[in-house]
Amino acid sequence: MKRILLITTLILIFSISTFSGCVSEDQQEPEVYDNESETTFYSGQELTPIAEQRNNAIKGTQYIDRESYRLQVDGLVEKPMEFSYEEITALPRTSKVVDLDCVEGWGFTGKWTGVKIADLFEEVGVMENASTVIFFSADGYSTALELDYLLENNIILAYGLNDVTLPPERGFPLQLVAESKYGYKWAKWIVRIELSDSEYRGYWEERGYNNRGDVGGPAFER
């Protein structure tokens, strides 16, 4: 009798778990960040949950105060400016689903929301002889990309990921979404952007990484 009662109880527990969705990964609740629910499926594409995204940094996660933050844009511009976080997020926003690919062989897919670099540059006025854009991060990291690449591909500075505010570990307040470039070109915690007419080699590029950083291309200089 006890054996029959035990079997009946186990069947009941299994049935409740199955039909309530407790054993289905598809029914898991999305993560919540500061009262914002993360999106993990968008426009027919699966997005990698932020908790599963790998992350590299030369000095660990940087924590930047939203109120005191300023983005400095200078160099070969007509009107050097500093932008507050609110001023940046007030500019026209755009979203893209873009893969980040690391030279180490891993990657992830995210929905990135932010401002087109072209819109930011309209505010400062880019001089005709500018050809290179250098990104400086709060931890001392830097990298550079060609101005034409940034404009022709509508590259964005993201302040949102998977429909939540960019978490500190992912680069709050701004991460460069350098699509079709390896992860070392995706600068995080950006505090300054300089326009130049000269080639620039950033943190990893000075250590032998290819300065173009094209996905599928050589990771190192030959």
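**View 1. The second largest pocket of the predicted model has a volume of about 390 Å³.** A pocket is an open set of points on a 1 Å grid over the protein atoms alone, where a 1.4 Å probe fits, with protein on both sides within 12 Å along at least five of seven lines. Its volume is the space filled by probe spheres set on the points, which are joined across faces, edges and corners. Of 23 lining residues, Asn56, Tyr141, Gly183, Tyr184 and Trp204 are closest to the centre; lining residues have an atom within 4 Å of a point. This is a predicted model, in which local features need pLDDT of at least 70 and side-chain atom pairs count only at pLDDT 80 or more, while totals for chains, interfaces and linings use all residues. Residues are numbered from 1 along each chain as its sequence is written, and side-chain values use heavy atoms, with hydrogens and water left out.

**View 2. Ile193 and its contacts (heavy atoms within 4.5 Å).** Beyond neighbours within four places in sequence, Ile193 is in contact with residues including Leu71, Val73, Leu120, Phe121, Val133, Phe135 and Leu157.

**View 3. Strand S5 (residues 70-75) pairs with strand S6 (residues 81-84) in the antiparallel sense over 4 bridges.** Strands are DSSP runs (E, at least two residues), numbered from the N terminus, and two strands pair if DSSP finds at least two bridges between them. Gln72 has Glu82 of S6 as its bridge partner. The two strands form a hairpin, with 5 residues between S5 and S6.

**View 4. S5 and strand S14 (residues 190-196) run parallel, joined by 4 bridges.** Here Gly75 has Leu195 of S14 as its bridge partner.
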